[in-house]
Amino acid sequence: MPTLVIVGAQWGDEAKGKMIDVLGGQANLVVRYAGGNNAGHTVITGGKTYKFQLIPAGILHPNTVAVIGSGMVVCPEGLLDELERTQSQKSDLGTLKISSAAHVVFPYHRMLDALEEEARGENKIGTTSRGIGPAYQDKVARTGIRMGEFVEPAIFERRFAEVLAYKNRLLEMFGSKPLEFAPTFERYLKYAERLKPFVEDTEILAQDAVAAGHRVLFEGAQGTYLDLDSGTYPYVTSSHPVAGGACLGTGVGPRDINNVLGVCKAYTTRVGSGPFPTELDDEIGARIREQGQEYGTVTGRGRRCGWLDLVALRHSARLNSLSGLVVTRLDVLQGIGRLKVATGYRVDGNPVRTLPANVWDLAKVQAEYEELEGWDEDLRPCRKFEDLPSSVRHYLAFIEEYTKTPVAIVSIGPDRDETIIVRPDLIWG
Ligand code: IMP
């Protein structure tokens with residue numbers, strides 16, 4: 001069964017977009033299973049830079065069907081802009097499909113995202129302000145409007161009138177101006193007309209592809225520790241980035257998932273608030289940020305940078321039942337000197353086995369480190385595992401040993417070609 005999940009193994013931004021582009025070309029179907037335009041996937045290929053927020057990066061391959069899965073929340077305006085931009089950059093794109101069960105993000109979601117953040121005062125989550133949390137809140141509250149309803153004008157009108165009346169009461173409660181029904185509805189009706197040709201029951205599409213033995217890639221967004229249940233709650237997103245989310249957000253059952261590759265950086269970053277045990281609040285952190293150009297694709301915010309946290313990565317390997325790791329951005333650590341990796345945690349002086357589930361305990365964690373040799377060589381010309389300096393190979397072996405997970409792929413630069421496949425057997429099986 002050639003099915004593969006690509007999951008972010010840390011706090012997001014692990015360079016999944018590049019891996020989905022590299023492997024998407026080998027897949028018949030690429031289905032993204034979570035999140036919305038809070039994600040930003042960058043793909044650099046053929047001298048061009050593509051930026052995706054909603055469309056699966058697999059769309060760059062003409063024979064691939066790229067699906068926006070049922071676990072996603074979709075901003076129609078953002079999606080149409082992204083589609084137009086990508087079409088203007090490349091004429092022979094794959095086919096786009098949108099799940100009729102994906103939820104629609106409306107302006108009141110974005111307004112409420114900002115108002116809720118303000119109300120949190122000092123305990124801000126640091127959201128991307130794209131209305132993602134409020135859109136998922138509506139899904140859970142069963143007031144959300146799904147794509148299938150959105151593209152049927154009579155149903156959309158009735159549902160939108162009913163939901164907007166409720167949302168306006170909320171907006172007024174926050175002291176904000178209510179939204180007028182007619183202009184908002186008219187604007188969104190036009191978006192719906194344009195999106196209608198792409199909308200269908202994609203659960204069946206994915207199930208049929210699996211049954212036919214086609215290669216199906218499940219594209220994750222964000223990362224494991226931003227997962228609503230398994231992440232560093234409440235500093236998380238509102239969906240399920242973990243590998244299990246691939247089933248929830250696409251309509252394919254767990255026995256139909258074969259391999260799971262966890263993408264991790266050779267160090268750690270996170271954006272937004274929340275504890276981060278290996279954070280480097282010094283010139284090494286600043287240097288990693290500059291060398292790696294660690295600034296958010298969606299918000300432009302500087303990312304918080306730190307050493308590789310193997311305690312968190314080992315837990316992530318188990319949470320996601322990883323078959324293998326994809327270690328990215330090794331090139332960024334060039335010339336940093338000796339490298340530290342966290343191999344233990346202590347809370348109040350006592351050793352703890354893994355990431356405490358309670359975020360307030362996580363905030364008290366003192367990470368313990370091992371030091372490994374760094375490298376000064378430029379890794380970007382390397383094309384085979386054997387081309388990598390021995391210090392890099394040792395760094396990778398240390399990760400494998402600690403996490404009990406083999407390294408399947410190594411990425412040593414942003415370009416498609418700057419990728420070394422170490423274990424092809426761990427990709428499609
Ligand atoms: P939201 O998803 O906009 O609600 O933001 C919730 C948290 O998840 C914030 O800390 C964001 O910075 C973080 N977040 C959301 N999307 C991403 C992503 O694609 N990469 C990294 N962090 C993200």
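User: What is the handedness of the crossing of α3 and α6?
Analyst: The crossing of α3 with α6 is left-handed. Please bear in mind that this is a predicted model.

User: Which residues make that contact?
Analyst: From α3 the contact takes Y108, M111, L112 and L115. From α6 it takes F160, V163, L164, K167, L170 and L171. By class, nine residues of this α3 and α6 contact are nonpolar, one is charged and none is polar.

User: At what angle do α3 and α6 pack, and how far apart are their axes?
Analyst: Helix α3 covers residues 107-119 and helix α6 covers residues 153-173. The angle between them is about 20°, and their axes are 11 Å apart.

User: Let us turn to α2 and α7. What are the angle and the axis distance there?
Analyst: Helix α2 (residues 76-89) packs on helix α7 (residues 181-195) at an angle of about 45°, with the axes 10 Å apart. The two helices are therefore oblique to each other. The crossing in which α2 passes α7 is left-handed.

User: Which residues of α2 and α7 meet?
Analyst: On the α2 side they are P76, E77, L79, L80 and E84. On the α7 side they are R187, Y188, Y191, R194 and L195. The contact of α2 with α7 has six nonpolar residues and four charged ones, with no polar residues.

User: And α11 with α13: what is the packing angle?
Analyst: Helix α11 (residues 310-319) and helix α13 (residues 390-403) pack at about 55°, and their axes are 9 Å apart. That angle makes α11 oblique to α13. In this pair α11 passes α13 in a right-handed crossing.

User: Which residues are in the contact of α11 and α13?
Analyst: L310, V311, L313, R314 and A317 belong to α11, while F398, I399, Y402 and T403 belong to α13. The classes in the contact of α11 with α13 are seven nonpolar, one polar and one charged.

User: A change of topic: how is the chain divided into domains?
Analyst: Domain 1 comprises 3-100 + 198-256, domain 2 comprises 103-195, and domain 3 comprises 264-426.

User: How far apart are the C-alpha centres of domain 2 and domain 3, and how many residues are in contact?
Analyst: Their C-alpha centres lie 37 Å apart. Six residues of domain 2 contact five residues of domain 3.

User: What area is buried between domain 2 and domain 3?
Analyst: It is about 380 Å², and carbon and sulfur atoms give 42% of that area. G126, T128 and R130 supply 65% of what domain 2 buries against domain 3, more than any other three residues.

User: What about the backbone: is the peptide bond from Y233 to P234 cis or trans?
Analyst: The bond from Y233 to P234 is cis, with omega near 10°. P234 is located in the loop between β10 (216-219) and α9 (245-248).

Note on methods. Residues numbered from 1 in each chain as written. Predicted model: local features only at pLDDT ≥ 70, side-chain atom pairs only at ≥ 80, totals over all residues. Heavy atoms only, no water. Axes fitted to C-alpha atoms, helices over the stretch in contact; angles between N-to-C directions. Helix = DSSP H or I, 4+ residues; strand = E, 2+ residues; numbered from the N terminus. Left-handed = near helix turned anticlockwise from the far one by under 90°. Contact = heavy atoms within 4.5 Å. Nonpolar A, V, L, I, M, F, W, Y, C, P; charged D, E, K, R; others polar. Domains from an automatic or database assignment. Buried area = accessible area lost by both parts, 1.4 Å probe. Parallel < 35°, antiparallel > 145°, perpendicular 65-115°, else oblique.
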